[in-house]
Amino acid sequence: DPVLHAAAVLGEGFDVDALETVLAAVGSAVAPADLDDALDTLIEARVLVEPPGEGQDRLGWEHPLLRSTVLEKVRRSRRQRRLCGAAAQALLAGGATSSRAVVELLLLAGERSEAAPLAADAGEEALAAGELSEALRLFDVGTGAPSASDRGRAWWGLGTARNHLGQ
């Protein structure tokens with residue numbers, strides 16, 4: 001199901017506009033009425049939810065395991081790279097607030113060089129959340145950034161995370 005797959009790669013919570021953009025980018029455009037029907041069915045089945053206070057244009061997963069299961073199927077598919085790359089571009093175009101989500105999608109798409117410039121920000125998000133091993137992984141990606149400034153921030157972040165881990 002393209003709608004379900006696109007929703008999974010967009011993350012735990014996503015905008016319906018981003019979902020439409022991703023579907024169109026991978027050649028699975030769905031008519032607005034059909035998309036509404038598909039989303040209503042997924043909400044009724046308690047696969048997706050409308051988070052309280054976030055409006056009808058934002059949806060999320062009822063349970064993280066549901067998303068993980070769908071995402072695992074996407075990871076095994078040949079369309080993964082295009083779908084994840086399109087999702088990353090949709091998030092960037094929409095002014096994504098989480099660098100981590102975009103970096104993860106770019107990495108899933110096999111676009112490490114595009115992920116590298118954003119990885120220091122993503123590492124800082126992980127560090128602030130206390131996810132030290134995740135921060136290390138993301139800062140490591142950032143060390144390959146083309147900009148000396150981004151590389152420097154990534155190396156600094158690696159040192160900070162390692163210091164917190166006692167390494």
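**Close-up views of a predicted model**

**View 1. Helix 1 passes helix 5 in a right-handed crossing.** This is a predicted model, in which local features need pLDDT of at least 70 and side-chain atom pairs count only at pLDDT 80 or more, while totals for chains, interfaces and linings use all residues. Residues are numbered from 1 along each chain as its sequence is written, and side-chain values use heavy atoms, with hydrogens and water left out. Helices here are DSSP runs of H or I with at least four residues, strands are runs of E with at least two, and both are numbered from the N terminus. A crossing is called right-handed if the near helix is turned clockwise from the far one by less than a right angle, and left-handed if anticlockwise. The axes of helix 1 and helix 5 cross at roughly 60 degrees and come within 9 Å. That makes helix 1 oblique to helix 5. Axes are lines fitted to C-alpha atoms, for helices over the stretch in contact, and the angles run from 0 to 180 degrees between N-to-C directions. Angles under 35 degrees count as roughly parallel, over 145 as roughly antiparallel, 65 to 115 as roughly perpendicular, and the rest as oblique.

**View 2. Here are the residues where helix 1 touches helix 5.** Helix 1 brings His 5, Ala 6, Val 9 and Leu 10, and helix 5 brings Leu 83, Cys 84, Ala 87 and Leu 91. Contact means heavy atoms within 4.5 Å. By class, this contact has seven nonpolar residues, one polar and no charged ones. For these classes, Ala, Val, Leu, Ile, Met, Phe, Trp, Tyr, Cys and Pro count as nonpolar, Asp, Glu, Lys and Arg as charged, and the others, Gly among them, as polar.

**View 3. Helix 7 passes helix 9 in a left-handed crossing.** The two helices pack with their axes 8 Å apart, at an angle of about 25 degrees. Helix 7 and helix 9 are therefore roughly parallel to each other. From helix 7, the contact takes in Pro 117, Ala 120, Asp 121, Glu 124 and Leu 127; from helix 9, Asp 150, Arg 153, Ala 154, Thr 160, Ala 161 and His 164. Sorted by class, the residues are five nonpolar, two polar and four charged.

**View 4. A salt bridge joins Glu 124 to Arg 153.** The closest N and O atoms of this pair are 3.3 Å apart. Glu 124 lies in helix 7 (residues 112-128) and Arg 153 in helix 9 (residues 148-165), so the pair ties together parts that are 29 residues apart in sequence. A salt bridge is a side-chain nitrogen of Lys or Arg within 4 Å of a carboxyl oxygen of Asp or Glu. Asp 121, Glu 124, Asp 150 and Arg 153 are linked in a network of such bridges. Glu 124 is partly exposed at 37% relative accessibility, and Arg 153 is partly exposed at 27%. Buried means under 20% relative accessible area, exposed over 50%, and partly exposed in between (1.4 Å probe, protein chains only).

View 5. Arg 67 is buried, at 17% relative accessible area, whereas Glu 12 is partly exposed at 40%. Leaving aside neighbours within four places in sequence, Arg 67 is in contact with Ala 8, Gly 11, Glu 12 and Trp 61.

**View 6. The side chains of Arg 137 and Glu 104 form a salt bridge at 2.1 Å, N to O.** Arg 137 lies in helix 8 (residues 132-142) and Glu 104 in helix 6 (residues 99-108), so the pair ties together parts 33 residues apart in sequence. Arg 137 is partly exposed at 33% relative accessible area, and Glu 104 is partly exposed at 26%. The structure holds 10 salt bridges.

**View 7. Helix 6 has these buried residues: Ser 99, Arg 100, Val 102, Val 103, Leu 105 and Leu 106.** What covers them includes helix 1, helix 5 (80-93), helix 7 and helix 8. Helix 6 is followed by Gly 110, whose phi is positive, near 80 degrees.

**View 8. Arg 46 has a positive phi of about 60 degrees although it is not a glycine.** Most residues other than glycine have a negative phi. Arg 46 sits in the loop between helix 3 (32-44) and strand 2, and is exposed at 54% relative accessibility.
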